[in-house]
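User: I would like to learn how to read a few features of a model like this one. Could you take me through them?

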Amino acid sequence: MVRKYLNYIVFGAIVFAVIAIAVFHSRHVRSLIDAMSSSDPRAQEQAALELVQGEQFIDTVTGEPVATRVKATACLELVANDASIKKGPEKDAPDYRANAINQALALLKDLDKPVRDRAVLTLQHAGAGSSGNVTALVAGLKDGDNYVRKGTVAALSDSANGIGPRQDIAAGIDVARSIVDLMKKEATARGPGGDVFASPRFNQGASQKRCADLLLAQLEDKDGGVRQGAADALGKMGYVPAVERLKVAMHTDPDAQVKRVAIGALALIADRSCENALVEAVEDTSADNEARAQAATGLGKLGSPRAIETLIKILDDDDLKLRSTAVAALAQAARPVPGGAINTPVLAALISTLQGKSDDARREAALALQSLSAPQANSALIGVLKDTVHDSDARAASALALGFPGNSGAVDPLVEALHDSDGDVNTAARDALTAIGPPAIDKLIAVIQTDGAEAYYATQALENQGAAALPALKRVADGANRVAQHWAAVALGSLSSSGVQSARPLLVQLAKSTDDDVQYVANEQLHRLGMQ
């Protein structure tokens, strides 16, 4: 009989033992979490170290409150900076200090920003605590997670707290070389590595030259991908002494991708010594459009007479990407400092292009002028707008280039363009009048007194003025022109729906009009607004 129940007794004992072990483990893990949340640094470090050693750190803190995870992240810093924690002499012995850095990198994926921010701080304070720590830290540059890459870059290069290009030969610590070595091995680390080297923490004084020398050496590597990464990083650094080496790569490297990246690097550096090479790259119609476009961007940064001449020439290039890039480059060259003075020679070149023979170039020049808000170009732009012989795209682009705040000199021709038979031109004129603002309001009010298609566009332009149009619309509501009141009711309805509360009383006023059409339109607007 006893034997019959012996198996049940043994099984029950095993189950009880398993439960007891699980309960003990759970309580022990809880005690470790509590220790990391305490104010005792020794207890904090020991608790974190035990979890790191058991490869349980992330699993343990996941699901804990944000404050607890932040404290746990701070405890990793204690472990990573404790020089008394030695790596064993045996092969593949674990490096628990470096493992603590790995855990901090993993916490950069945390859903809560306070935890990620504390992880970055941990990496900044402990990422260069040993050679193993540095190796673990820079590995974050190759991680597939954007937060991990960004956090690693911040830990290394933040202007206030970043580790920078720290070097301690005795301790085997060399941050810059560790990054370069990783860039050689891992393609995904090359872009972020270049970002680190381009930061002010690395890219100045003696450290700039040392980092650049390490990258220049990689331009000779047999792997084309390594050469690409080095060229890209040198470009991001804006390292002028690398120009001649990059020119050589542009002309002689057997890898077409390396040639393209070298051109892009020269464009980023944009020193006068790059001019010939960038012009050559832009004019090389056999090159891929990406390389030509990058070179055009570099010429825009240079803004030299030859650079501008080259950019103007490619405004009617067959390649759309190149033309678009030339437009942006010319806009940058025309006003290198946002809000600053316009570069007169560039503006003159754009105006000359407006008056030239090519409709494609004319259109692109007008597009470049759209970001400049240059009243000096009014006359030439108005000339294009009015000349119906020109391509409608060029005319529409010219209209938009006239539309900038306060450009009262363009109001009359733009109002006239509201009558244009080309839909692109009249809608561009509407948008330009909207952008000009209050100086256009009275002329728009005059247009809505007519009953043509232009009144519709003028009404839309008035709607887009917002509250600034209300005084003029009130004058219309108080007046006797029924056509104007019809369109004013439409504009007031739109203004009311966009939140301009003071437009509603005027709409109610028009709803009481003795004119059936005005009354109907106003009531329809009120109904749409839910006021009837």
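## Reading the features

Analyst: Cysteine 75 is buried, at a relative accessible area of 1%. Bear in mind throughout that the model is predicted.

User: How buried is cysteine 274?

Analyst: The relative accessible area of cysteine 274 is 0%, so this residue is buried.

User: How many disulfides are found in the whole structure?

Analyst: The general idea is a distance test: a disulfide is a pair of cysteine sulfur atoms within 2.5 Å. In this structure, the search returns 0 disulfides.

User: Now backbone angles. Which value does phi take at alanine 270?

Analyst: Here one looks for a positive phi in a residue other than glycine, and alanine 270 is such a case, with phi near 50°. Alanine 270 sits in the loop between helix 14 (256-269) and helix 15 (275-283). With a relative accessible area of 16%, alanine 270 is buried.

User: Where is serine 373 placed, and is serine 373 buried or partly exposed?

Analyst: Serine 373 lies in the loop that runs between helix 20 (359-369) and helix 21 (378-386). Its relative accessibility is 32%, so serine 373 counts as partly exposed. Serine 373 also has a positive phi, about 50°, although it is not a glycine.

User: Next, helix pairs. How do helix 20 and helix 22 cross?

Analyst: Read the angle against the cut-off: angles under 35 degrees count as roughly parallel. The axes of helix 20 and helix 22 (residues 392-401) cross at roughly 20° and come within 8 Å. Helix 20 and helix 22 are therefore roughly parallel. The crossing is left-handed.

User: Which residues of helix 20 and helix 22 meet?

Analyst: From helix 20 come Asp359, Arg362, Arg363, Ala366, Leu367 and Leu369, and from helix 22 come Asp393, Ala394, Ala397, Ser398 and Ala401. By class, this contact of helix 20 with helix 22 has 6 nonpolar, 1 polar and 4 charged residues.

User: At what angle do helix 24 and helix 26 pack?

Analyst: Helix 24 (residues 423-436) packs on helix 26 (residues 453-465) at about 30°, with the axes 8 Å apart. Helix 24 and helix 26 are therefore roughly parallel as well, and their crossing is right-handed. Asn426, Thr427, Arg430, Leu433 and Thr434 of helix 24 make the contact with Tyr457, Gln460, Ala461, Asn464 and Gln465 of helix 26. The residues of this contact divide into 3 nonpolar, 6 polar and 1 charged.

User: What are the angle and the axis separation for helix 27 and helix 29?

Analyst: Helix 27 (residues 470-478) and helix 29 (residues 503-511) pack at about 15°, their axes 10 Å apart. That makes helix 27 roughly parallel to helix 29. Their crossing is left-handed. In helix 27, Leu470, Lys474, Ala477 and Asp478 meet Ala503, Leu506, Gln509 and Leu510 of helix 29. The split by class for helix 27 with helix 29 is 5 nonpolar, 1 polar and 2 charged.

How values were computed: Residues are numbered from 1 along each chain as its sequence is written. This is a predicted model: local features need pLDDT of at least 70, side-chain atom pairs count only at pLDDT 80 or more; totals for chains, interfaces and linings use all residues. Side-chain values use heavy atoms; hydrogens and water are left out. Helices (H or I, at least four residues) and strands (E, at least two) are DSSP runs, numbered from the N terminus. Buried means under 20% relative accessible area, exposed over 50%, partly exposed in between (1.4 Å probe, protein chains only). Axes are lines fitted to C-alpha atoms, for helices over the stretch in contact, and angles run from 0 to 180 degrees between N-to-C directions. Angles under 35 degrees count as roughly parallel, over 145 as roughly antiparallel, 65 to 115 as roughly perpendicular and the rest as oblique. A crossing is left-handed if the near helix is turned anticlockwise from the far one by less than a right angle, and right-handed if clockwise. Contact means heavy atoms within 4.5 Å. Ala, Val, Leu, Ile, Met, Phe, Trp, Tyr, Cys and Pro count as nonpolar, Asp, Glu, Lys and Arg as charged, and the others, Gly among them, as polar.
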